[in-house]
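Notebook open. I want to go through the sheet, then the helices, then the nonpolar cores.

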Amino acid sequence: MTEPLYDEDPEPSERFPAGLLYVPFRPGPSGRTTLRLFRTPLGRRTAVGFTSRRRLVTTLGAEQAWLRLAAPALRALTAPLGVITLTVDPQFTAPAAAPERAAPAAPDRAAPVAPDRAASAAQDRAASAAPASASALRVG
């Protein structure tokens with residue numbers, strides 16, 4: 001009886017063989033194409049590919065541009081960037097974090113404030129001190 005060779009087996013999380021993938025991209029500078037890279041929930045950069053156009057549209061939207069690449073070609077393109085993970089058919093993405101809104105200017109403490117305006121100013125300060133929600137996954 002022969003022992004199985006484990007060094008050639010695919011990772012359990014990878015769909016092997018994936019074949020041609022639908023890979024999201026965005027226009028880059030000077031009209032060049034730039035692959036979109038994403039981050040895992042733990043913050044690690046990953047390349048992403050989808051096994052069908054429908055899955056890409058369901059996850060990233062109909063406006064997302066895509067191209068077809070084989071998994072080895074996608075890995076070869078992202079390896080020089082230090083991206084060694086390939087995620088096939090992710091089912092959840094979160095939008096990129098929006099820039100923080102500017103905090104309202106602090107009221108001048110020397111100027112007297114009417115009582116009804118003082119309550120409103122206190123509410124504004126409390127609202128600006130509340131923590132903003134953040135997503136676990138990031139695009140980019």
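I count a contact when heavy atoms lie within 4.5 Å. This is a predicted model, so I note that local features need pLDDT of at least 70 and side-chain atom pairs 80 or more, while totals for chains, interfaces and linings use all residues. Residues are numbered from 1 along each chain as its sequence is written, and side-chain values use heavy atoms, with hydrogens and water left out.

**Sheet.** I took helices (H or I, at least four residues) and strands (E, at least two) as DSSP runs, numbered from the N terminus; two strands pair if DSSP finds at least two bridges between them. I found 3 strands in an open, antiparallel sheet, ordered β2-β1-β5. β2 (33-35) and β5 (65-70) have a single partner strand each, so one side of each lacks a neighbour in the sheet. I looked up β1 (residues 20-27) next: 3 bridges join it to β2, and Arg 26 has Thr 34 in β2 as its bridge partner.

**Helices.** My angles run from 0 to 180 degrees between N-to-C directions, with axes fitted to C-alpha atoms, for helices over the stretch in contact. α1 (residues 53-60) lies across β1 and β5, at about 40° to β1. α2 (residues 71-78) lies across β1, β2 and β5, at about 105° to β5.

**Core.** Here I joined buried Ala, Val, Leu, Ile, Met, Phe, Trp, Tyr and Cys residues through side-chain atoms within 4.5 Å; buried means under 20% relative accessible area, with a 1.4 Å probe and protein chains only. The largest nonpolar core has 10 residues, including Leu 21, Ala 47 and Leu 74. Leaving out residues up to four places away in sequence, Ala 47 touches Leu 37, Leu 74, Thr 78, Val 83, Thr 85, Leu 86 and Thr 87.

Definitions and conventions: Buried means under 20% relative accessible area, exposed over 50%, partly exposed in between (1.4 Å probe, protein chains only).
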